[in-house]
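Please consult the sequence and the three-dimensional view together with the text.

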Amino acid sequence: KTEETLAAGLFDPLFRSLVSRGGLSQLFATDINQVLGYNQQLLTRAGLEQTTSTGVRYSVEYRTGTDSFLQSALGLGGISRRTTSTFFNLVVPLLRGAGRDANEGPLRAAEFRTRRATSLLSERTLETAALIQKTYWELVAKRKQLGIQLRAQAHARRLRTYLEIEIAEGRAAPYEAFEAEQNLGLIEVELEERRRGLILQEQYLLRVMGLDPNLGRVVPLDDLNAPDEQSADLQAWVEKALADRPEIRAARLEIEALDAERITLNNRLMPQLDLIGDYRTSTGSNLLGTDAWQVSLQLSLPIGNHQALARAERKNLELKQAQRIVERSLQDIVNDTSLAYKSLGFHRERWRRAQMTRSYALLRSQAEGERFLAGFTPAHRVVFAQQYEVLSLQKEAEAKLDYTLSRVDLERAVGAALPELLEKARRT
């Protein structure tokens, strides 16, 4: 934005002023003798000049001066004369510097880059939003896994308590409690690791949000939802990505800025041909008035002009490079969107299979528990069934998390998350 203001300042009017005092001694001959003369001058000058966006330059200047001439050798009095003049100057470029395209190039480039910076800011915001979303859902998953581990701990403790009663009453051998104790110990070790991971994830989320990690505990209000059906096909997602991704808008705006600069630099390769008009009016002591005008054509031909040629060639190369970057970005966006879309479908199917496995593991655990209470199965089969139940619950939670993260990646790939997030932020 500052560069835009700086470029616009090229067309600001300029005020000039000058106050000067000087003298001149000279020896000249008269009919009688040689005379030493002294001329004293006081000049005041003020003017305004401006260059328009079409390249036309004009200036207006007002001058007032006093000339005093002393003939000291003859003992004569001084002669003083006051003059007031107004000058008008107009320069109209006909080749180099003519037209808005040749003069507004820096301003238009700065305006394009201001819009490009806004798009890049949107891109950074999308990246930050995706990072916060992923970190948040990973926190939700860690709380879910902690809950699963607490449930496993409760099951293991109930089994141990039951075995202790059975052993005390002589209906079970003491060795049957060894595996249950071992299973409970492993669960509690894993539980402490889950608690530590949860605290670290909470601190990481606070850091990602720019908050103090020691601010306190973070309790998410959401839970991992079941995957939904795909709302659009791949082609629709790709078209949306190509239309909404802010980095594509930023790259295209950079091309517009470089093209505006290229036009200006190419114009500087032309000869300088200016139509110049001058007009002056003067009044003063012993002077009724004087008007003078002049119209001229001024031509300047650069010889060699290597600097201008090099700058124009460099700008042409930068423009071609920016066009290649856009082509590369379009390919990357299509690839990112396709990968995120396929990943979303893969994790949806993975969740369905994990859900089926979890339901069978739960039924098996319940059945083994009932058989154990009825005396038809040993304790270690209940332990194995509980371990498989915990493992299947964790796999289901991981599948839900991976699906949610893939959904975030897909929304990030198409650039669709930012308007919804900003609207939600305004509502809350």
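The points below are grouped by topic. The model is predicted, and every value given here was computed from it.

- Leaving aside residues up to four places away in sequence, P93 touches T54, G55, V56, A98, L273 and D274.
- For one of these residues, V56, the separation from P93 is 37 residues in sequence, while the C-alpha to C-alpha distance is 6.5 Å.

**Aromatic pairs**

- F88 is in strand β4 and Y279 in strand β5 (residues 272-284), so the pair links distant parts of the chain, 191 residues apart.
- F88 is partly exposed at a relative accessible area of 38%, and Y279 is also partly exposed, at 32%.
- Another pair is formed by Y162 and F372, whose ring centres are 5.4 Å apart; the planes meet at 70°, so the arrangement counts as edge-to-face, the cut-off for this class being over 60 degrees.
- Y162 is located in helix α3 (residues 105-168) and F372 in helix α7 (residues 306-373), so this pair ties together parts that are 210 residues apart in sequence.
- Y162 counts as partly exposed, with 26% relative accessibility, whereas F372 is buried, with a relative accessible area of 11%.

**A charge over a ring**

- R63 lies over the face of F87, and its distance from the ring centre is 4.3 Å.

- The relative accessibility of E104 is 18%, so E104 counts as buried, the limit being under 20%.
- When residues up to four places away in sequence are not counted, E104 touches F11 and S53.
- With S53, the contact includes a polar one between the two side chains, at 3.4 Å.

Definitions and conventions. Residues numbered from 1 in each chain as written. Predicted model: local features only at pLDDT ≥ 70, side-chain atom pairs only at ≥ 80, totals over all residues. Heavy atoms only, no water. Contact = heavy atoms within 4.5 Å. Helix = DSSP H or I, 4+ residues; strand = E, 2+ residues; numbered from the N terminus. Buried < 20%, exposed > 50% of the residue type's maximum accessible area, 1.4 Å probe, protein only. Phe/Tyr/Trp six-rings, centres within 6.5 Å; stacked < 30°, edge-to-face > 60°. Lys NZ or Arg CZ within 6 Å of the ring centre and 35° of its normal. Polar contact = N/O pair within 3.5 Å; in protein donor to acceptor, adjacent residues only side chain to side chain.
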